[in-house]
Amino acid sequence: MAANRSNHKPIVQVVPDGAALARTAADLFVRFVQEAIVSRGRATVALSGGSTPQKLYALLAGPPNSTRLDFSAIDFFFVDERCVPPDDSESNYCAVNRLLFRAVGVAAEKSHRIRGELAPVVAAVEYEAELRSCFRGGWPQFDLVLLGLGADGHTASIFPGEPTVSEREAWVVHTETDHGIGRRVTLTMAAINHARQILFLVDGAEKADVVARVLGGARELPASRVRPATGECRWLITQSAAFKLPRLG
Ligand code: 6PG
């Protein structure tokens, strides 16, 4: 069983392509969830949106992963959400529901979505209240947080130059950006950094520069601030996104 330990240095694994990224992520997902269920009787997972994890969600929904996982013992949360209704094609919940929840029959009480149809400030307050009722006695310690990386260095919905990156007390904030759907609700960096396991999934040549900057230690980018307090952080990166990393370049 993997013990949690403070580890600011991320584990980096480069894989050939998007298919290998999804397969490797699925194996890690199953492992971390199974370890959590054995240790604590349930697993808490926070999912990200964006295009990269979609192959992973589809893989988890089919055999052998769907039979290896006890979905009734997993509480699913969301890292962030765009402020749109849950059936909107831009909704992170909509994509996960279509690819995973409906396919394996995740019960409504196990799917803790961010209510993007509400005013952002209300959705943030409601989601934080939901988290506080699920994680009693301190910061939410997700067993697994899945993250993506934007070419500008954002992760979750924490964008460069925004004060949310330094938020220390709130678990959830709402934000307004000029990136795609601008109004969003997101876990804060402080909440993310309490996770036991954090897994970045990164694919695409347009990410190569930012991957090299973040993993090279550029401290000003939001993704560089992902440093779990006691957990572990892993990066799964495709070759196309990793080719500017020093040892591979
Ligand atoms: C979102 C995200 C965001 C995403 C990155 C990477 O809802 O958009 O949570 O942080 O993970 O923008 O997105 P891609 O996987 O589409 O490149």
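This short talk walks through a strand pairing, a helix, a loop residue, a surface patch and several salt bridges.

Before the details, please keep in mind that this is a predicted model, in which local features need pLDDT of at least 70 and side-chain atom pairs count only at pLDDT 80 or more, while totals for chains, interfaces and linings use all residues. Residues are numbered from 1 along each chain as its sequence is written, and side-chain values use heavy atoms, with hydrogens and water left out.

Let me begin with strand β7, residues 183-187, where four of the five residues are buried, so that the strand is largely enclosed by the rest of the structure. By buried I mean under 20% relative accessible area, with exposed being over 50% and partly exposed in between, using a 1.4 Å probe and protein chains only. Helices (H or I, at least four residues) and strands (E, at least two) are DSSP runs, numbered from the N terminus. Two strands count as paired if DSSP finds at least two bridges between them, and β7 pairs in the antiparallel sense with β4, residues 80-82, over three bridges, as well as with β6, residues 172-176, in the antiparallel sense over five bridges.

Staying with β6 for a moment, the loop between β5 (144-147) and β6 holds T164, which counts as buried because its relative accessibility is 11%. Leaving aside residues up to four places away in sequence, T164 touches I158 and V173, where contact means heavy atoms within 4.5 Å.

Which residues of helix α7 are buried? In this helix, residues 208-215, they are A208, V210, V211 and V214, and seen down the axis they fall within an arc of 165 degrees, so they line one face of the helix; the arc is that of the directions from the helix axis to the C-beta atoms. These buried residues pack against β8 (197-202), β9 (232-238) and α8 (239-242). After α7 comes G217, whose phi is positive, near 100 degrees.

Turning to charges, a search of the whole structure finds 14 salt bridges, each being a side-chain nitrogen of Lys or Arg within 4 Å of a carboxyl oxygen of Asp or Glu. One of them joins K110 to D75, with the closest N and O atoms 3.3 Å apart; because K110 lies in the loop between α4 (92-104) and α5 and D75 in strand β3 (residues 74-78), the pair ties together parts that are 35 residues apart in sequence. Both K110 and D75 are buried.

Within helix α5, R132 and E128 lie four residues apart, about one turn of the helix, and their salt bridge has its closest N and O atoms 2.8 Å apart. Here R132 is partly exposed at 40% and E128 is buried at 14%. R113, R115, E117 and E126 are also linked in a network of salt bridges.

Finally, V121 is found in helix α5, residues 120-134, and is partly exposed, with a relative accessible area of 45%. Together with V122 and V125, V121 makes a nonpolar surface patch of about 240 Å². Patches are made of residues with over 30% relative accessible area and no salt bridge, like charges being joined within 9 Å and nonpolar side chains (Val, Leu, Ile, Met, Phe, Trp, Tyr) within 5 Å; the areas come from the Shrake-Rupley method with a 1.4 Å probe, and for residues only the protein chains shown count as cover.
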